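Please look over the sequence and the structure before reading on.

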Amino acid sequence: MRAWAVDRPGPMASGPLVRVEREVPEPGPGEVLVRVEACGVCRTDLHLAEGDLRPRRPLTSPGHQAVGRVVGTEQRVGVAWLRSTCGKCRYCLRGMENLCPSSTYTGWDADGGFAEYLVAPAGYVYPLPGDVPAERLAPLLCAGIIGYRALARCELPPGGRLGIYGFGASAHLTAQAAIAQGAVVHAVTRSAASRALALELGAASAGDRPPEPLDAAILFAPVGDLVPPALEALDRGGTLAIAGIHLTDVPVLNYDRHLFQERTLRSVTANTRADGRAYLELALAHPPRVTTVPYPFEAAGQALVDLAKDQVSGAAVVIFT
């Protein structure tokens with residue numbers, strides 16, 4: 001089968017992603033073999049390729065927003081970031097499996113969706129409808145799910161003012177969910193195309209900074225320098241949730257300017273399967289507008305290059321034909 005793998009992590013200009021030929025993997029006990037139809041491209045894939053995330057195994061195929069068919073049944077499923085947990089630790093037992101110390105991840109601990117086939121534990125895949133284009137479903141599996149959890153973590157009050165920093169795949173889905181709940185959304189992004197998309201989706205503003213104090217904010221851009229101004233933009237009692245798995249160093253915070261008046265800084269760590277099921281049920285019942293940029297399988301590396309340059313408006317998706 002055809003696949004892409006991370007060879008020597010480094011800047012995208014160095015060509016860390018290489019094309020490989022592999023045997024079709026064999027599913028083990030409790031696993032399914034999935035023939036991939038499409039795979040969303042996440043900034044986490046970029047972090048793995050460039051070395052911000054240290055590879056856990058050599059020549060791993062990234063990709064954790066894979067939509068495909070289970071070989072033998074043709075059931076449509078989605079394979080997302082969370083691949084397995086122990087089910088026995090204190091975190092799993094209290095419903096916080098996203099914090100399981102033994103958790104593993106698709107496209108990091110095991111080969112992901114930048115390949116024609118992958119294997120995944122049956123208990124960690126999500127059933128998906130067979131009549132929706134795979135390109136539209138793929139971004140829901142990480143961009144959607146992580147945005148859903150980040151929205152919960154920032155504790156946005158009903159009808160509140162939400163700031164979204166960075167406006168890519170996850171942000172454009174999260175903004176729609178927040179607006180549907182009655183929130184006023186302000187997008188903070190450098191990209192002219194992303195600003196236009198944010199306003200088109202119903203954001204109240206899109207620019208360099210929010211025009212009013214915020215009740216809550218989500219930082220999607222992996223830029224630590226944005227943490228102080230995002231905290232400073234919060235109103236009293238506001239919460240900033242950082243949604244990414246990687247963030248550059250955060251500058252020194254000033255207690256009075258950035259944290260006093262009970263402003264809160266929180267991280268978001270992966271997701272639980274309950275998050276995934278809840279978000280997908282909502283998204284399939286009330287489909288969001290999913291803005292995608294399709295790339296053929298042969299151009300998977302270019303998708304990561306474009307993502308690194310902030311040239312993707314919406315979600316990049318690798319299409320298998």
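How much space lies in the second largest cavity? The answer is about 30 Å³.

## Basis of the report

The model is predicted: local features need pLDDT of at least 70, side-chain atom pairs count only at pLDDT 80 or more, and totals for chains, interfaces and linings use all residues. Residues are numbered from 1 along each chain as its sequence is written, and side-chain values use heavy atoms, with hydrogens and water left out.

## Cavities

The structure holds two cavities of 30 Å³ or more. A cavity is a set of points, on a 1 Å grid over the protein atoms alone, where a 1.4 Å probe fits but cannot get out; lining residues have an atom within 4 Å of a point. A volume is the space filled by probe spheres set on the points, which are joined across faces, edges and corners.

The largest cavity contains about 40 Å³ of space. Its lining consists of Gly144, Gly147, Tyr148, Leu151, Leu173, Thr174, Ala177 and Tyr279. Helices α4 (143-153) and α5 (169-180) each supply at least two of the lining residues, and the largest share, four residues, comes from α4. Helices (H or I, at least four residues) and strands (E, at least two) are DSSP runs, numbered from the N terminus. By class, this lining has five nonpolar, three polar and no charged residues. Here Ala, Val, Leu, Ile, Met, Phe, Trp, Tyr, Cys and Pro count as nonpolar, Asp, Glu, Lys and Arg as charged, and the others, Gly among them, as polar.

The second largest cavity is lined by Thr44, Asp45, Leu48, Pro62, Gly63, His64, Trp81, Thr106, Gly107 and Trp108. That lining divides into four nonpolar, five polar and one charged residues.

Helices α5 and α9 (273-285) each supply at least two lining residues, with α5 giving the most, four residues. The lining comprises eight nonpolar, three polar and no charged residues.

## The six-stranded sheet

Six strands form an open sheet in the order β12-β11-β10-β13-β14-β15, with parallel pairing. Two strands pair if DSSP finds at least two bridges between them. At the edges stand β12 (205-207) and β15 (264-267), each of which pairs on one side only. On average, neighbouring strands of the sheet are turned by 15° against each other, direction ignored.

Strand β11 (residues 184-188) runs parallel to β12 and is joined to β12 by three bridges. Val188 stands opposite Gly207 in β12. Helix α4 lies across β10 (161-165), β13 (214-219), β14 (234-242) and β15, running at about 150° to β14. Axes are lines fitted to C-alpha atoms, for helices over the stretch in contact, and angles run from 0 to 180 degrees between N-to-C directions.

## Packing of α1 and α10

Helix α1 (residues 43-50) packs with helix α10 (residues 300-308) at an angle of about 100°, the axes being 10 Å apart. The two helices are therefore roughly perpendicular to each other, a term for angles of 65 to 115 degrees.

Arg43, Asp45, Leu46, Ala49 and Glu50 of α1 make the contact with Leu304, Leu307 and Ala308 of α10, where contact means heavy atoms within 4.5 Å. Five nonpolar, no polar and three charged residues take part.

Conventions:
Parallel < 35°, antiparallel > 145°, perpendicular 65-115°, else oblique. 1 Å grid on protein atoms, 1.4 Å probe; cavity = no way out; pocket = protein on both sides within 12 Å on 5 of 7 lines; lining within 4 Å.
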